[in-house]
Amino acid sequence: MARRKSRSRRIGAEPEGAGSAPERYVLTLYVTGATAGSLRAIANIKAICEQYLKGRYELEVVDAYRRPERLRTDQIVAVPTLIKKLPIPLRLLVGDLSRTEQVLQGLGLVARTS
């Protein structure tokens, strides 16, 4: 019988910039108007930020219909897309952000599991 690897979810395990004061997260979420997918992505990232980054994040929501030049500037080819600008490294997450574990990994808040 094959052994299953444990998949622990220790928040803060090997975070980026470990060993220093809590880092500030600068995030930009690109969406397309008030579509169901856009509203779901906004709600999902706000819930994640409030639960795991309370008081340590800035979230800018950019509507692709109202600010199409921002898509070109930041080279966004799919929406919804979340950009983690700080702390470095820069990361892009595409989709409605409903898979919390993957979002936490993308933000560097939990160690990646294999």
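Q: Why is D63 called buried?
A: D63 has 16% relative accessibility, and buried means under 20% relative accessible area, with exposed over 50% and partly exposed in between (1.4 Å probe, protein chains only). So D63 counts as buried. This is a predicted model, where local features need pLDDT of at least 70, side-chain atom pairs count only at pLDDT 80 or more, and totals for chains, interfaces and linings use all residues. Residues are numbered from 1 along each chain as its sequence is written, and side-chain values use heavy atoms, with hydrogens and water left out.

Q: What is D63 in contact with, leaving aside neighbours within four places in sequence?
A: D63 sits in strand β2 and is in contact with V31, T32 and G33. Contact means heavy atoms within 4.5 Å. Strands (E, at least two residues) and helices (H or I, at least four) are DSSP runs, numbered from the N terminus.

Q: How do you know that the length of helix α1 fits its residue count?
A: The expected span of a helix is 1.5 Å times one less than its number of residues. For the 17 residues of α1 (residues 36–52) that gives 24 Å, and the end C-alpha atoms are 24 Å apart, so the two agree.

Q: Which residues of α1 are buried?
A: They are S38, A41, I42, I45, I48, C49 and Y52. They cover an arc of only 140° around the axis, which puts them on the same side of α1; the arc is that of the directions from the helix axis to the C-beta atoms. An α-helix has 3.6 residues a turn, so residues three or four places apart point the same way. The buried residues of α1 pack against β1 (25–31), β2 (57–63), β3 (81–86) and α3 (100–106), while the face turned away from them carries the exposed A36 and Q51.

Q: What makes I48 buried?
A: Its relative accessibility is 4%, so I48 counts as buried. Not counting residues up to four places away in sequence, I48 touches L53, L97, T100, V103, L104 and L107. Take T100: it is 52 residues from I48 in sequence, yet the C-alpha atoms are 7.3 Å apart.

Q: What makes R70 and D74 a salt bridge?
A: Their closest N and O atoms are 3.8 Å apart. R70 is buried, at 14%, whereas D74 is partly exposed, at 25%. E60, R70 and D74 are linked in a network of salt bridges.

Q: Where does pLDDT stay under 50?
A: That's residues 1–18; pLDDT is the predictor's confidence in each residue, from 0 to 100. Where pLDDT is low, the predicted coordinates should not be read in detail. The mean pLDDT of the protein is 84, and 80% of its residues reach 70 or more.

Conventions. A salt bridge is a side-chain nitrogen of Lys or Arg within 4 Å of a carboxyl oxygen of Asp or Glu.
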